[in-house]
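I opened this structure to look up a few residues and note where they sit. My entries follow.

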Amino acid sequence: MKREYRNAVKAGIEKSDLKGYKWSITPNGLKWSYLDIEFTFIEEEDGEFLSVRDNFNEPFISIWYGEDKYADCKDLTEAYEEATRRTIRRANYLY
């Protein structure tokens with residue numbers, strides 16, 4: 001993961017509702033030490049989606065980025081930050 005994306009993930013952890021409690025950055029994504037779950041960021045082949053997958057390689061969160069007015073974010077860096085925030089929020093409520 002590039003440094004700018006790691007910084008975006010770090011910012012997403014800090015801006016999360018739970019202030020990133022027990023979350024850390026791994027080479028491919030996030031790790032939640034509370035349940036020992038690792039989430040992997042995957043840039044989809046079409047270049048407009050960022051997916052987050054869990055330990056079982058199941059889709060967990062998807063972010064659509066680009067210039068479209070319906071997109072979640074404008075660029076990939078913003079998408080990493082938003083995906084981090086949404087992953088933390090969903091994991092805390094789901095598990």
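Thr-84 came up as buried, because its relative accessibility is 0% and the cut-off for buried is under 20%. I note that the model is a predicted one.

I then looked up where Thr-84 belongs, and found it in helix α2, which covers residues 76-94. Which residues does Thr-84 touch, not counting those up to four places away in sequence? I listed Val-9, Gly-12, Ile-13, Leu-30 and Phe-41.

Next I turned to Ala-8, which has its place in helix α1. Is Ala-8 buried or exposed? I recorded a relative accessible area of 4% for Ala-8, so this residue is buried.

I checked the contacts of Ala-8, leaving aside neighbours within four places in sequence. The entries are Thr-77, Tyr-80 and Glu-81.

I also looked up the pair Ala-8 and Ile-88. They are 80 residues apart in sequence, and their C-alpha atoms are 14 Å apart in space.

I read a relative accessible area of 43% for Glu-4. Buried would need under 20% and exposed over 50%, so Glu-4 is put down as partly exposed.

Which residues gather with Glu-4 in a patch of negative charge on the surface? I wrote down Glu-67, Asp-75 and Glu-78.

Notes. Residues are numbered from 1 along each chain as its sequence is written. This is a predicted model: local features need pLDDT of at least 70, side-chain atom pairs count only at pLDDT 80 or more; totals for chains, interfaces and linings use all residues. Side-chain values use heavy atoms; hydrogens and water are left out. Patches are made of residues with over 30% relative accessible area and no salt bridge: like charges are joined within 9 Å, nonpolar side chains (Val, Leu, Ile, Met, Phe, Trp, Tyr) within 5 Å. Accessible areas come from the Shrake-Rupley method with a 1.4 Å probe; for residues, only the protein chains shown count as cover. A salt bridge is a side-chain nitrogen of Lys or Arg within 4 Å of a carboxyl oxygen of Asp or Glu. Lys and Arg count as positive and Asp and Glu as negative; His and the chain ends are not counted. The place of a charge is taken as NZ of Lys, CZ of Arg, CG of Asp or CD of Glu. Buried means under 20% relative accessible area, exposed over 50%, partly exposed in between (1.4 Å probe, protein chains only). Helices (H or I, at least four residues) and strands (E, at least two) are DSSP runs, numbered from the N terminus. Contact means heavy atoms within 4.5 Å.
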